[in-house]
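Hi everyone, thanks for coming. Let me put the structure up and then walk you through a few spots.

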Amino acid sequence: MTILQFPKDMKWGTATASYQIEGAARKDGRGPSIWDTFAKTPGNVFKGHDGDVACDSYHRFPEDVQLMKELGVDMYRFSIAWPRIFPKGTGEVNEEGLAYYHRLVDSLLDSGIEPVCTLYHWDLPQALQENGGWENRDTIDAFAAYAETIFRSFEGKIKKYLTINEPWCASFLSNYIGAHAPGKQSLQAGVDTAHHLMIAHGRAVQSFRALSFEGEIGYAPNVEWNEPYSSSEEDAEACRRATGWFLDWFFDPVFKGSYPEFLTDWFAKEGVQVPIVEGDLDIISQPIDFLGINYYTGGVARYQKGASLFDHERVDQGYEKTDIGWNIYPEGFYKILTKIHQQYGDMPIYITENGSCYNDEPVDGVVADDGRIRYLEKHLTALHRAIQSGVPIKGYMTWSLLDNFEWAEGYNMRFGLVHVNYRTLVRTEKESYFWYQQFLKTKWLEV
Ligand SMILES: CCOCCOc1ccc(-c2cn(C[C@@H]3NC[C@@H](O)[C@H]3O)nn2)cc1
């Protein structure tokens, strides 16, 4: 057996998001978001599930904070619901919305847990969607004003911000594939919304810098890994495109001030151009303090003309899968992290999401989610290998503290260390919670 010791100064935590856990959808002045609209549209979400109640963390957050205190985390990543702060996206601040997040943040700080705040985790105010949402450049200004409001209100309390969560999901998954809100299916809309989300990221960074408050700011792209099926150039290029859709497309503009030509050329073949206005890339490439990385899965892929937007297809290698059907692929975690380090340099990295879906239920009060423990062991082993390779990993937050609303899958898919009974809202720590609790006491793995 080998002992893998993690750096003593690494920070460890868990993560959630507003629409997925809060509930209280119409409480204290919250306005509707695009996910309230999308979820209530028949056919979009499993069995018509929505975020009206979710885990009721809006009311039960003291219990959730106590669970994290007993877990032993250093940090907690949560998101602020823009529609609680500006019910119509812009205009007058809803003080009751701000007050809720001050109660949450004060509870975290009193418990010795560092708040890590995501400004945008997909719950765009519906009122802005009525004017085109992220397809409309005006939404960028609205986001910058919302971000500044949060920076000013939480000065001295929140010192780590993430601007945009998973811009690939908020743009292409939501406006090209159409599986997430608002459910459009247009490649041009995907490219436009991705560009505007990244400008919004840059504007929030500029605003944070101008205020000169203590703290750090970054963003949280999600990445996947595609390993070429063969050594052919065709397979390598197909994998480069598929991986680059998540990686190069959302990293080059920030770190290089330009879009990757191999992908802009590919989109041009589809008749799609990025709606760049002079100065956009200067805004997007504002220096950041750290990079959040969300990683779940990957796989082997090969060239197959017409099989996808990038002429690629996955080749099933018989990898074990989680209950949501995603490959368990820790090798991809190591490979994507070392590629990021090789391509974009020594930017400090926090793993802002990594976790697995296992739908185990309590039996006599015990939730034996052994699969989640195995997933964590394998991915922390891969993370340790990346750290040993020189990747500057500063922290790790597992997705998620609680079972919660998994978007189009509704409550049918469970990612939590803590089981939630959605009828009674009773929380039950799973075996993986106790495994992570023990790990956090030593910060080493025996493999
Ligand atoms: C090609 C067709 O594809 C259709 C579905 O395609 C995807 C891709 C990716 C996801 C996805 C979901 N998550 C977990 C979340 N991350 C943020 C947090 O809110 C978690 O709930 N990450 N990625 C879902 C669906």
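I'll start with the ground rules, then go to the ligand, then to a helix pair.

So, this is a predicted model: local features need pLDDT of at least 70, side-chain atom pairs count only at pLDDT 80 or more, and totals for chains, interfaces and linings use all residues. Residues are numbered from 1 along each chain as its sequence is written, and side-chain values use heavy atoms, with hydrogens and water left out.

Okay, the ligand. How many residues surround the ligand? There are 13, and the closest are Gln20, His121, Glu353, Glu406 and Trp407. Being near here means that a heavy atom of the residue lies within 4 Å of the molecule.

Now some polar contacts, meaning pairs of N or O atoms within 3.5 Å. The side chain of His121 has an N or O atom 2.9 Å from an oxygen atom of the ligand. For Trp407, a polar side-chain atom sits 2.8 Å from a ligand oxygen atom. Glu166 goes to a nitrogen atom of the ligand instead, at 3.0 Å from a polar side-chain atom.

On to the helices, which are DSSP runs of H or I, at least four residues, numbered from the N terminus. Take α3, residues 57-71, and α5, residues 95-110: their axes come within 9 Å and cross at roughly 15°. Axes are lines fitted to C-alpha atoms over the stretch in contact, and angles run from 0 to 180 degrees between N-to-C directions. That makes α3 roughly parallel to α5, a label for angles under 35 degrees.

Methods: Polar contact = N/O pair within 3.5 Å; in protein donor to acceptor, adjacent residues only side chain to side chain. Helix = DSSP H or I, 4+ residues; strand = E, 2+ residues; numbered from the N terminus. Parallel < 35°, antiparallel > 145°, perpendicular 65-115°, else oblique.
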